[in-house]
Amino acid sequence: MITSIQALLRQEAQAVENIPITPAYEEAVNLIVEKVHEKRGKLVTSGMGKAGQIALNMATTFCSTGIPSVFLHPSEAQHGDLGILQENDLLLLISNSGKTREIVELTALAERLYPQVKKIVITGNTESPLAQVADVCLATGNPAEVCLLGMTPTTSTTVMTVIGDILVVETMRKTGFTIEEYSKRHHGGYLGQRSRELSK
(Lines give C-alpha, C1' and ligand atoms only; values in the text may rest on other atoms or scores of the structure.)
Protein backbone atom coordinates (compact mmCIF):
# COMPACT_ATOMS: atom_id res chain seq x y z
CA MET A 1 0.00 0.00 0.00
CA ILE A 2 2.85 2.41 0.73
CA THR A 3 4.08 2.07 -2.85
CA SER A 4 0.56 2.69 -4.14
CA ILE A 5 0.13 5.79 -1.98
CA GLN A 6 3.47 7.18 -3.14
CA ALA A 7 2.36 6.73 -6.76
CA LEU A 8 -0.93 8.50 -6.03
CA LEU A 9 0.90 11.43 -4.43
CA ARG A 10 3.20 11.73 -7.45
CA GLN A 11 0.23 11.72 -9.82
CA GLU A 12 -1.62 14.37 -7.84
CA ALA A 13 1.52 16.53 -7.52
CA GLN A 14 2.21 16.24 -11.25
CA ALA A 15 -1.34 17.36 -12.03
CA VAL A 16 -0.86 20.46 -9.90
CA GLU A 17 2.46 21.26 -11.60
CA ASN A 18 0.78 20.86 -15.00
CA ILE A 19 -1.96 23.45 -14.37
CA PRO A 20 -1.70 25.84 -17.35
CA ILE A 21 -0.56 29.26 -16.15
CA THR A 22 -1.80 31.91 -18.56
CA PRO A 23 -2.61 35.66 -18.55
CA ALA A 24 -6.18 34.60 -17.73
CA TYR A 25 -5.20 34.49 -14.06
CA GLU A 26 -4.37 38.19 -14.03
CA GLU A 27 -7.61 38.90 -15.88
CA ALA A 28 -9.59 36.92 -13.32
CA VAL A 29 -7.95 38.63 -10.34
CA ASN A 30 -8.46 42.04 -11.92
CA LEU A 31 -12.16 41.25 -12.41
CA ILE A 32 -12.55 40.18 -8.78
CA VAL A 33 -10.79 43.31 -7.54
CA GLU A 34 -12.81 45.59 -9.82
CA LYS A 35 -16.25 44.09 -9.25
CA VAL A 36 -16.01 43.21 -5.57
CA HIS A 37 -13.24 45.23 -3.90
CA GLU A 38 -13.72 48.47 -5.82
CA LYS A 39 -17.35 48.50 -6.96
CA ARG A 40 -18.70 46.68 -3.87
CA GLY A 41 -20.37 43.80 -5.65
CA LYS A 42 -19.86 40.22 -4.49
CA LEU A 43 -18.43 37.02 -5.88
CA VAL A 44 -21.07 34.36 -6.55
CA THR A 45 -19.56 30.89 -6.90
CA SER A 46 -21.36 27.84 -8.25
CA GLY A 47 -20.77 24.24 -9.22
CA MET A 48 -22.62 20.93 -9.15
CA GLY A 49 -21.65 17.88 -7.09
CA LYS A 50 -17.98 17.72 -6.09
CA ALA A 51 -17.23 20.88 -8.08
CA GLY A 52 -19.94 22.59 -6.06
CA GLN A 53 -18.17 21.65 -2.83
CA ILE A 54 -15.01 23.27 -4.19
CA ALA A 55 -17.02 26.36 -5.16
CA LEU A 56 -18.43 26.56 -1.62
CA ASN A 57 -14.93 26.31 -0.16
CA MET A 58 -13.73 29.10 -2.44
CA ALA A 59 -16.61 31.35 -1.37
CA THR A 60 -15.86 30.90 2.33
CA THR A 61 -12.13 31.45 1.82
CA PHE A 62 -12.70 34.61 -0.19
CA CYS A 63 -15.04 35.90 2.54
CA SER A 64 -12.35 35.55 5.18
CA THR A 65 -9.85 37.44 3.04
CA GLY A 66 -11.88 40.54 2.27
CA ILE A 67 -13.89 39.51 -0.79
CA PRO A 68 -17.61 39.12 0.05
CA SER A 69 -18.70 35.87 -1.57
CA VAL A 70 -21.63 33.48 -1.56
CA PHE A 71 -22.19 29.98 -2.93
CA LEU A 72 -25.23 29.61 -5.18
CA HIS A 73 -26.47 26.05 -5.75
CA PRO A 74 -27.24 25.82 -9.49
CA SER A 75 -30.41 23.77 -9.00
CA GLU A 76 -31.77 26.00 -6.23
CA ALA A 77 -31.02 28.98 -8.49
CA GLN A 78 -33.82 27.75 -10.75
CA HIS A 79 -36.24 27.89 -7.84
CA GLY A 80 -35.73 31.46 -6.71
CA ASP A 81 -32.23 31.54 -5.25
CA LEU A 82 -31.01 33.31 -8.38
CA GLY A 83 -32.36 36.38 -6.61
CA ILE A 84 -29.10 36.54 -4.65
CA LEU A 85 -27.44 37.81 -7.82
CA GLN A 86 -27.17 41.59 -8.10
CA GLU A 87 -26.22 43.90 -10.93
CA ASN A 88 -22.59 44.40 -10.00
CA ASP A 89 -21.80 40.83 -8.93
CA LEU A 90 -19.33 38.45 -10.54
CA LEU A 91 -19.90 34.75 -11.25
CA LEU A 92 -17.23 32.11 -10.66
CA LEU A 93 -18.43 28.83 -12.17
CA ILE A 94 -16.76 25.43 -11.88
CA SER A 95 -17.34 22.37 -14.05
CA ASN A 96 -14.72 19.80 -15.03
CA SER A 97 -16.56 18.82 -18.22
CA GLY A 98 -17.81 22.32 -18.93
CA LYS A 99 -21.06 20.66 -19.95
CA THR A 100 -22.83 20.31 -16.60
CA ARG A 101 -26.46 21.03 -17.47
CA GLU A 102 -27.33 22.95 -14.32
CA ILE A 103 -24.31 25.23 -14.63
CA VAL A 104 -24.81 25.90 -18.34
CA GLU A 105 -28.45 26.72 -17.61
CA LEU A 106 -27.38 29.00 -14.76
CA THR A 107 -25.30 31.11 -17.13
CA ALA A 108 -28.34 31.66 -19.36
CA LEU A 109 -30.60 32.49 -16.42
CA ALA A 110 -28.04 34.92 -14.98
CA GLU A 111 -27.62 36.65 -18.35
CA ARG A 112 -31.38 37.01 -18.68
CA LEU A 113 -31.50 38.71 -15.28
CA TYR A 114 -28.37 40.83 -15.81
CA PRO A 115 -27.09 40.68 -19.41
CA GLN A 116 -23.82 42.36 -18.45
CA VAL A 117 -22.86 39.88 -15.71
CA LYS A 118 -19.23 38.73 -16.01
CA LYS A 119 -18.25 35.07 -15.68
CA ILE A 120 -15.01 33.42 -14.60
CA VAL A 121 -15.00 29.71 -15.47
CA ILE A 122 -12.75 26.93 -14.15
CA THR A 123 -12.94 23.84 -16.34
CA GLY A 124 -11.03 20.90 -17.75
CA ASN A 125 -12.57 21.44 -21.20
CA THR A 126 -11.70 24.76 -22.83
CA GLU A 127 -13.84 23.91 -25.87
CA SER A 128 -16.97 23.28 -23.81
CA PRO A 129 -20.22 25.28 -23.86
CA LEU A 130 -19.36 26.78 -20.47
CA ALA A 131 -15.91 27.87 -21.60
CA GLN A 132 -17.39 29.50 -24.68
CA VAL A 133 -19.58 31.87 -22.63
CA ALA A 134 -16.83 32.74 -20.13
CA ASP A 135 -15.30 36.19 -19.93
CA VAL A 136 -12.25 34.53 -18.39
CA CYS A 137 -11.53 30.80 -18.63
CA LEU A 138 -9.05 29.06 -16.33
CA ALA A 139 -8.05 25.59 -17.53
CA THR A 140 -7.29 22.81 -15.07
CA GLY A 141 -5.17 20.88 -17.57
CA ASN A 142 -7.81 18.12 -17.53
CA PRO A 143 -5.74 15.63 -15.52
CA ALA A 144 -6.65 11.95 -15.37
CA GLU A 145 -8.42 11.02 -12.14
CA VAL A 146 -6.48 8.86 -9.69
CA CYS A 147 -9.73 7.00 -9.00
CA LEU A 148 -9.23 3.35 -10.01
CA LEU A 149 -12.25 3.63 -12.30
CA GLY A 150 -11.07 6.93 -13.78
CA MET A 151 -14.46 8.38 -12.89
CA THR A 152 -14.69 9.78 -9.35
CA PRO A 153 -13.62 13.45 -9.11
CA THR A 154 -10.28 13.20 -7.32
CA THR A 155 -7.36 14.75 -9.19
CA SER A 156 -9.70 17.18 -10.94
CA THR A 157 -10.97 18.53 -7.62
CA THR A 158 -7.40 18.78 -6.34
CA VAL A 159 -6.40 21.12 -9.17
CA MET A 160 -9.65 23.09 -8.84
CA THR A 161 -8.84 23.69 -5.19
CA VAL A 162 -5.32 24.83 -6.03
CA ILE A 163 -6.65 27.22 -8.69
CA GLY A 164 -9.00 28.66 -6.07
CA ASP A 165 -6.07 29.13 -3.70
CA ILE A 166 -4.14 30.96 -6.42
CA LEU A 167 -7.05 33.33 -7.02
CA VAL A 168 -7.46 34.02 -3.30
CA VAL A 169 -3.77 34.69 -2.65
CA GLU A 170 -3.24 36.84 -5.75
CA THR A 171 -6.39 38.84 -4.93
CA MET A 172 -5.08 39.40 -1.39
CA ARG A 173 -1.83 40.62 -2.91
CA LYS A 174 -3.65 42.97 -5.28
CA THR A 175 -5.89 44.47 -2.58
CA GLY A 176 -3.14 44.71 0.02
CA PHE A 177 -5.18 42.69 2.50
CA THR A 178 -3.63 42.93 5.98
CA ILE A 179 -3.54 40.83 9.13
CA GLU A 180 -5.51 43.60 10.83
CA GLU A 181 -8.34 43.21 8.33
CA TYR A 182 -8.12 39.43 8.65
CA SER A 183 -8.52 39.61 12.42
CA LYS A 184 -11.72 41.66 12.03
CA ARG A 185 -13.26 38.82 10.05
CA HIS A 186 -11.90 35.96 12.17
CA HIS A 187 -12.99 36.21 15.79
CA GLY A 188 -13.26 32.59 16.93
CA GLY A 189 -10.86 29.70 17.23
CA TYR A 190 -7.10 29.52 16.94
CA LEU A 191 -6.95 31.65 13.78
CA GLY A 192 -8.96 34.41 15.45
CA GLN A 193 -6.68 34.45 18.48
CA ARG A 194 -3.51 34.25 16.41
CA SER A 195 -4.56 36.98 13.97
CA ARG A 196 -5.38 39.34 16.86
CA GLU A 197 -1.99 38.70 18.41
CA LEU A 198 -0.20 39.40 15.11
CA SER A 199 -2.22 42.55 14.42
CA LYS A 200 -1.22 44.26 17.70
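Colleague: Is methionine 1 buried or exposed?
Modeller: This is a predicted model, where local features need pLDDT of at least 70, side-chain atom pairs count only at pLDDT 80 or more, and totals for chains, interfaces and linings use all residues. Residues are numbered from 1 along each chain as its sequence is written, and side-chain values use heavy atoms, leaving out hydrogens and water. Buried means under 20% relative accessible area, exposed over 50%, and partly exposed in between (1.4 Å probe, protein chains only). Methionine 1 has a relative accessible area of 82%, so we call this residue exposed.

Colleague: What is the average twist from one strand to the next?
Modeller: Picture stepping across the order S2-S1-S3-S4-S5. From each strand to the next, the twist averages 20°.

Colleague: Which residue of S4 stands opposite leucine 93?
Modeller: Strand S3 (residues 90–95) pairs with S4 (residues 118–123) in the parallel sense over six bridges. Leucine 92 faces isoleucine 120, while opposite leucine 93 stands valine 121.

Colleague: And on the S1 side, which residue stands opposite leucine 91?
Modeller: S1 and S3 also pair in the parallel sense, over five bridges. Across from leucine 91 in S3 you will find valine 44.

Colleague: Why is S3 largely enclosed?
Modeller: Look at both faces: Leu90, Leu92 and Ile94 are buried on one side, and Leu91, Leu93 and Ser95 on the other. S3 is largely enclosed by the rest of the structure because six of its six residues are buried.

Colleague: At about what angle does helix H5 run to S3?
Modeller: Axes are lines fitted to C-alpha atoms, for helices over the stretch in contact (heavy atoms within 4.5 Å), and angles run from 0 to 180 degrees between N-to-C directions. Helix H5 (residues 101–113) lies across S1 (43–47), S3 and S4, and its angle to S3 is about 165°.

Colleague: Last one: is serine 183 buried or exposed?
Modeller: Serine 183 sits in helix H8 (residues 179–185). Leaving aside residues up to four places away in sequence, serine 183 touches Ser195, Arg196 and Ser199. Its relative accessibility is 13%, so serine 183 counts as buried.

How values were computed: Pairing = 2+ DSSP bridges. Helix = DSSP H or I, 4+ residues; strand = E, 2+ residues; numbered from the N terminus.
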